[in-house]
Structures are given as structure tokens and as C-alpha cells.
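Here is a short briefing on one protein structure. Keep the sequence and the 3D view open as you read.

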Amino acid sequence: MKLTATRKTGAALCAIALAATGLTACSNSESDSEASGGASGAAAEGNERGPITFAMGRNDTDKLIPIIDKWNAEHPDEQVTLSELAGEADDQRDTLVQSLQAGGDDYDVMALDVVWTADFAANQWLQPLEGDFAVDTSGLLPATVESATYGDKLVALPQNTNGQLLFRNADVIEKAPDTFEDIRSACAALEGDTDCLTTQLKQYEGLTVNSLGFINGWGGEVLDDSGQPTVESDEAKAGLQALVDAYADGTISQSSTAATEEETNLAFTEGKTAFAINWPYMYANAEEAGLNFEVQPLVGKDGVGVSTLGGYNNGINVNSKHKATALDFIQFIISEENQLSLAENSFPPVLASIYDDAELVKEHPYLPALKESLENAKPRPVSPFYPAISKAIQDNAYAALTSGKSVDDATKDMASAIQQAS
């Protein structure tokens, strides 16, 4: 996606950053920009080696600690210190932004939620991975590379990923659906009190993710390559309409508009819903519950559907004094051995070949379905204005689901809100 932040958009980017972080000052001058976000002086050279700090939200650091320990054993003069950030994503982002806006080098490598990557790149906080910093991404899942690309440049290196799966209680519905219409037909034949399909339609990021799944799964997009909204296309409208209709006719459970991932998990593992859309973590829970179930990629209008991508991208702080070490470390994480370690810890890897490991598949049977899901996945809109885009999708999709707002009006208002934000 071709989105380029220019000096003209600087004020808008500043406003977005201030709104998100509660900070009170931004500068527009070239000198201040160089001091706070640009690569200047020794830090810009990038040939330095030495100890580095790796920042990541504490909820997931247990998967990276063995990799860090292995690196440290092999690199006694270039030790990696783990800086555990808060558990909540917004708090993690605030900590990083405050340091970066001040031109700090507290963190050399940062594990960025995929939706932050474009924002950080637009603010010139990340070292582009080109020239002396170029890396080989040919073995990585293409959607993960797309999520780490901004302005036609790779600005971070994917670390781990995630994709949604369609879970089916095989005791309730025997045949796997090939299209979403197959789900609707199976639901129509259900008897008793069992819900048909449960997913996350509560008004939060989960609603954005699932709305995008329907919009993309029917061939639509939210933004074009120039960053302009395209949610009023026939395909995007058809996808949102399919979501609204499925909720209205009971294909999607009424409880879904109050459901996050955890409510979805409970509904499925307790046998209250025949189908569920959720992340792979639910597989182990369903096994533990003793369910007879199967998983597959999402289904869309004509076949395999489109999952929204999750995961982390590792970015190098443009002000790091030891960028050469930082570059080697992020490449170390995507080595086959270390990506296998992530997979064994149920942290979906970005290296495509891992999904074909026979022993690993025996241990984690959902991996082939997850690989297919990831091969058909799309990143969320790659934009420095993503929070505003997500809010526009949530507000209008929720109104279309629960308040009778027409899809035409919902997509029109989405487009207007996205246009204003950017």
C-alpha cells in the first residue's frame, strides 16, 4: 500500500500522536524533527555494535525469553536486555511514543503491534530496512511482510503472526462449509437452543477485525493504494451487508454484539454454539473441554475467506546507537530454529516453512488450517491514522447491526470519517 507521510501531513500526524498519548507538545521545525525523530549524527550511521534493549508487552515475553537467552549466550559483548512493557496495548504504545518523541534511545528494538507499524514509520521513528539494512523476506508469509511495509519500504521485520480460524462442533454440524452461504444453510437446519455462529461484534477492535473479514471476504477494501477510502464500493457494501443480514436472521448469534474473544471461547467450549470465529488459542481450550470439533480457514462469498492479520513486527529505533546489533537480533528471531520455538509455544511463526513440519503438525493439528488462513489474510489498513479508521468502522458497523442504519449510510459515514481523519 502506497502511503507516504509528507511535511504537509506533519500537523495531522502530530495531532494523532498527541490525542493517543496525552502529550502536550510537538515541533514542526526541521531541526527539532532531526533531534527527536530523524537519524542524525553517530546514531544514523548504523554500523555500531554493542548491548541493546528489546521492548515488548509483558503478556507475550515468555515466548521470547528463551530466544533472548540463546542470543546472549552466543553474543557476550552484545547482550540483549528485555524491557517488559505494560500488558495493555495502549499503555505499551504510550511508553514507546513518549520515548521516541523525545528522541530517546531507551529501546533499540521494539515489538510493535502490526497496526502501529505505519504510524511509527510515518513519524520517522523506525530505521527503514533497505540499503545496508536490507533483509531477506522471501521465506516469510507475504501478508506479514505487507504489514511491515510502509511507503513501499520495509520498515520493520515480522516476528510472529496470527490469523482467525473457523471452529465447528462436529457433533452438531458434520459437514465443513465451503462458503458462507453453506454456514447459513447449516444454521437454518439447526434444531434446539444451540446458537449457530458466534463471533466478536462488541464495539471494540474485535468488531473492526470481523467487519474487515466480511468486507475483504466479499472482495472489498477499506483503503486504496493512495490511502483514500473505498468502503463505498459495491464489493465492500456487499460484505458489510452479508454481516448485517447474518446477524439479523440469526446465522450469527445475538450474543455476538456483546462478545469479545473470551465470550466466544466460552460459548464454543461449553457447547452453546455450533460455529465460532476465533484465534488459534481456542484450539487447546476446545480440546481440554473434550469437544469433537474441527477447524478450517474462514469462509467468504466464494470460498476461503479473509482473516485479519495479528502479531508483532520488530522495528529498529532510528536513534539506536547499536543498529548493527539490532539488525542481527531481529534476523536471529526469524531463524528456523527460533521460529520453531515460537510455534511450539503456540505463537504463530512468520516463517512459512514451519507450518509444514510434520512433527509440529502432529503436536498442533490446527497449523495447516492456520497456514491457509494466513496465506489468504490481509493486514488491517496500513495507515498512520489507523485508530481513527478503526473507530469509523466500529461506530458504523455497530449502528448497522443494532440500530437499523442502512449499509449505504454506514459505508458513506465510514468513508467520510476516514477522509476527515487523514
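Where is the place of Thr-260? Thr-260 sits in the loop between helix 10 (234-248) and helix 11 (261-269). The model is predicted.

**Thr-260 and its surroundings**
- Thr-260 has a relative accessibility of 18%, and buried means under 20%, so Thr-260 counts as buried.
- The side chain of Thr-260 makes a polar contact with the side chain of Glu-263, at 2.4 Å.
- Leaving aside residues up to four places away in sequence, Thr-260 touches Gln-200, Lys-202 and Tyr-204.

**The nonpolar cores**
- The largest nonpolar core holds 54 residues.
- Phe-54, Leu-64, Leu-129, Phe-167, Val-295 and Phe-329 have the most contacts inside this core.
- Helix 13 (residues 323-333) gives the most to this core, with 6 residues.
- A second, separate core has 38 residues, including Phe-180, Leu-207, Val-244 and Ala-415.
- Look again at Leu-64: it touches Phe-54, Met-56, Gln-159, Ile-333, Leu-342 and Phe-347, not counting residues up to four places away in sequence.

**Helix 4 against helix 13**
- Two packed helices are described by the angle between their axes and the distance between the axes.
- Helix 4 (residues 61-74) packs with helix 13 at an angle of about 130°, and their axes are 11 Å apart.
- The two helices, helix 4 and helix 13, are therefore oblique to each other.
- The crossing of helix 4 and helix 13 is right-handed.
- On the helix 4 side, the contact is made by Leu-64, Ile-67, Ile-68, Lys-70, Trp-71 and Glu-74.
- On the helix 13 side, the contact is made by Thr-325, Asp-328, Phe-329, Phe-332 and Ile-333.

**How covered is helix 13?**
- Helix 13 is mostly covered, with 9 of its 11 residues buried.
- Among the buried residues of helix 13 are Leu-327, Phe-329, Ile-330, Phe-332 and Ile-333.
- Lys-323 and Thr-325 of helix 13 are buried too.

**Two loop residues with positive phi**
- Gln-124 has a positive phi of about 60°, although it is not a glycine.
- Gln-124 lies in the loop between helix 6 (117-122) and helix 7 (142-147).
- Its relative accessibility is 47%, so Gln-124 counts as partly exposed.
- Ser-346, also not a glycine, has a positive phi near 55°.
- Ser-346 is in the loop between helix 14 (336-344) and helix 15 (358-363).
- At 43% relative accessibility, Ser-346 counts as partly exposed.

Terms used: Residues numbered from 1 in each chain as written. Predicted model: local features only at pLDDT ≥ 70, side-chain atom pairs only at ≥ 80, totals over all residues. Heavy atoms only, no water. Helix = DSSP H or I, 4+ residues; strand = E, 2+ residues; numbered from the N terminus. Buried < 20%, exposed > 50% of the residue type's maximum accessible area, 1.4 Å probe, protein only. Polar contact = N/O pair within 3.5 Å; in protein donor to acceptor, adjacent residues only side chain to side chain. Contact = heavy atoms within 4.5 Å. Core = buried A, V, L, I, M, F, W, Y, C linked by side-chain atoms within 4.5 Å. Axes fitted to C-alpha atoms, helices over the stretch in contact; angles between N-to-C directions. Parallel < 35°, antiparallel > 145°, perpendicular 65-115°, else oblique. Left-handed = near helix turned anticlockwise from the far one by under 90°.
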